[in-house]
Amino acid sequence: MPSRIAANLGRDSNNELIRFTSIAVGSLFELQMQLKIEKDISYINTKEFNNLYEDSRKVERMLITFLKKLKVRN
């Protein structure tokens, strides 16, 4: 996700930053789904899942807030 946003830093367009941040949000949702699958197949236990998933939710809230602020500036 950080790489998606960093890929835009050399560009001057706010629209591009919005696009790359949106892609990062999509990547985060993919990660959350992978965590659910890992828990379902017992690759990680419930405690590990809960910790990782909550961390991902914190990042999700930060990315969504950032994206909303970018859209307001646009």
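Trainee: Is Arg57 buried, exposed or something in between, and how much of it is accessible?

Mentor: In this predicted model, Arg57 comes out as partly exposed, with a relative accessibility of 28%.

Trainee: And which side chain does Arg57 meet in a salt bridge?

Mentor: The partner is Glu60, and the N to O distance between the two side chains is 2.8 Å. Both residues belong to helix α3, which covers residues 46-73, and because they are three residues apart there, about one helical turn separates them.

Trainee: What about Glu60, buried or exposed?

Mentor: Glu60 is buried, since its relative accessible area is 12% and the cut-off for buried is under 20%. Arg57, at 28%, is on the partly exposed side of that cut-off.

Trainee: Which residues does Glu60 touch, leaving aside the neighbours within four places in sequence?

Mentor: With those neighbours set aside, Glu60 is in contact with Leu28, Phe29 and Gln32. Of these, Gln32 is placed in helix α2, whereas Glu60 itself sits in helix α3.

Trainee: How far apart are the C-alpha atoms of Gln32 and Arg57?

Mentor: They are separated by 8.5 Å, although the two residues are 25 apart along the chain.

Trainee: Zooming out a bit, at what angle do α2 and α3 pack, and how far apart are their axes?

Mentor: The angle is about 165° and the axes lie 10 Å apart, which makes α2 roughly antiparallel to α3. The cut-off for that description is an angle over 145 degrees.

Trainee: What is the hand of the crossing of α2 and α3?

Mentor: The crossing of these two helices is left-handed.

Trainee: And how do the residues of that contact divide by type?

Mentor: The contact of α2 with α3 contains 16 nonpolar residues, together with six polar and six charged ones.

Trainee: How are Glu16 and Arg19 placed in their helix?

Mentor: They are three residues apart in helix α2, residues 14-40, and therefore separated by about one helical turn. Glu16 is partly exposed at 22% relative accessibility, and Arg19 is likewise partly exposed, with a relative accessible area of 43%.

Trainee: Which residue does Lys39 meet in a salt bridge?

Mentor: Lys39 meets Asp40, with the N to O distance given as 4.0 Å, and the cut-off for a salt bridge is within 4 Å. Lys39 counts as partly exposed at 29% relative accessibility, while Asp40 is exposed, with a relative accessible area of 59%.

Trainee: Changing topic, where is Ser42 found, and what is its phi?

Mentor: Ser42 is in the loop between α2 and α3, and its phi is near 65°, a positive value in a residue other than glycine. Most residues other than glycine have a negative phi.

Trainee: Buried or exposed, that Ser42?

Mentor: Ser42 is exposed, and its relative accessible area is 61%.

Terms used: Residues are numbered from 1 along each chain as its sequence is written. This is a predicted model: local features need pLDDT of at least 70, side-chain atom pairs count only at pLDDT 80 or more; totals for chains, interfaces and linings use all residues. Side-chain values use heavy atoms; hydrogens and water are left out. Helices (H or I, at least four residues) and strands (E, at least two) are DSSP runs, numbered from the N terminus. Buried means under 20% relative accessible area, exposed over 50%, partly exposed in between (1.4 Å probe, protein chains only). Axes are lines fitted to C-alpha atoms, for helices over the stretch in contact, and angles run from 0 to 180 degrees between N-to-C directions. Angles under 35 degrees count as roughly parallel, over 145 as roughly antiparallel, 65 to 115 as roughly perpendicular and the rest as oblique. A crossing is left-handed if the near helix is turned anticlockwise from the far one by less than a right angle, and right-handed if clockwise. Ala, Val, Leu, Ile, Met, Phe, Trp, Tyr, Cys and Pro count as nonpolar, Asp, Glu, Lys and Arg as charged, and the others, Gly among them, as polar. Contact means heavy atoms within 4.5 Å.
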